[in-house]
Amino acid sequence: MQLKTIAAILLMTTAAAHAEPPKPDAKALISPDVIKEVHGWLQTEIVQLSVKARNKNWNDLDQARIDDLDKAWRAEREKDDQPLIAATMSSPLSIYLSRIQGRSLGVYAEIFVMDEHGLNVGQSSITSDFWQGDEDKFQKTYDVGNEALFIDEPEWDDEVKIWRSQASMTLTDKNGGGKIGAVTVEFNLTELARRREAGG
């Protein structure tokens, strides 16, 4: 076999190995049982108290102040001095969410919890922005009602070769006080599918 032919076969094999697989059904993979598990750790004191405290302390924020906070966050992402980002990432809630993500062993790719304004209270990694109130993850959950669930379309992550999808839901007071915020969990759909196939 000629060298050119062998090289062509190797190139085709490599391309096939890295090709984008078919888009998975996010709503089937992020099943009621998966959502139930998320609700379990959302009802813990660290989540509930953190969001309630934020809502109490920042209840009088107007849109101009919200925009200022979001702009500050975005600017800090490009700087060495990051007081707002550092304060958020070092909070007990962010540390807790990072642990939850780690314990998922690859199922959770990112987690962030928002207050009643759509501002991040805690997160497992640094998000691109601080305010989610103008996005579907907040407007299709908190703005809709206590039981709202919004599962976004899957996106292919070519860098790590996995399918991802964000599931967002309203965060409610576990003592029956109504909605207090929202949460977004980004799922590794590829890992969820693998576990389903493995029966685990």
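**Entry 1. Second largest pocket**

I began with residue classes: the second largest pocket is lined by 6 nonpolar, 4 polar and 1 charged residues. I note that the model I am reading is predicted.

I then looked up the volume of the second largest pocket and recorded about 180 Å³ of space.

I listed the lining residues by name. They include Ser 50, Arg 54, Asn 57 and Trp 58. Leu 84, Ala 87, Thr 88 and Ser 91 also belong to the lining, as do Pro 92, Leu 93 and Val 121.

**Entry 2. Positive phi at Leu 105**

I turned next to backbone angles. Most residues other than glycine have a negative phi. Leu 105 has a positive phi, near 55°. I located Leu 105 in the loop between α7 and β1 (108-114).

Is Leu 105 buried or exposed? I found a relative accessible area of 65% for Leu 105; this residue is exposed, because the value lies over 50%.

**Entry 3. Positive phi at Lys 161**

I also noted Lys 161, a residue other than glycine whose phi is positive, near 60°. Which loop holds Lys 161? I placed Lys 161 in the loop between β4 (155-157) and β5 (162-172).

For Lys 161 I looked up a relative accessible area of 31%.

Note on methods
Residues numbered from 1 in each chain as written. Predicted model: local features only at pLDDT ≥ 70, side-chain atom pairs only at ≥ 80, totals over all residues. Heavy atoms only, no water. 1 Å grid on protein atoms, 1.4 Å probe; cavity = no way out; pocket = protein on both sides within 12 Å on 5 of 7 lines; lining within 4 Å. Points joined across faces, edges and corners; volume = space filled by probe spheres on them. Nonpolar A, V, L, I, M, F, W, Y, C, P; charged D, E, K, R; others polar. Helix = DSSP H or I, 4+ residues; strand = E, 2+ residues; numbered from the N terminus. Buried < 20%, exposed > 50% of the residue type's maximum accessible area, 1.4 Å probe, protein only.
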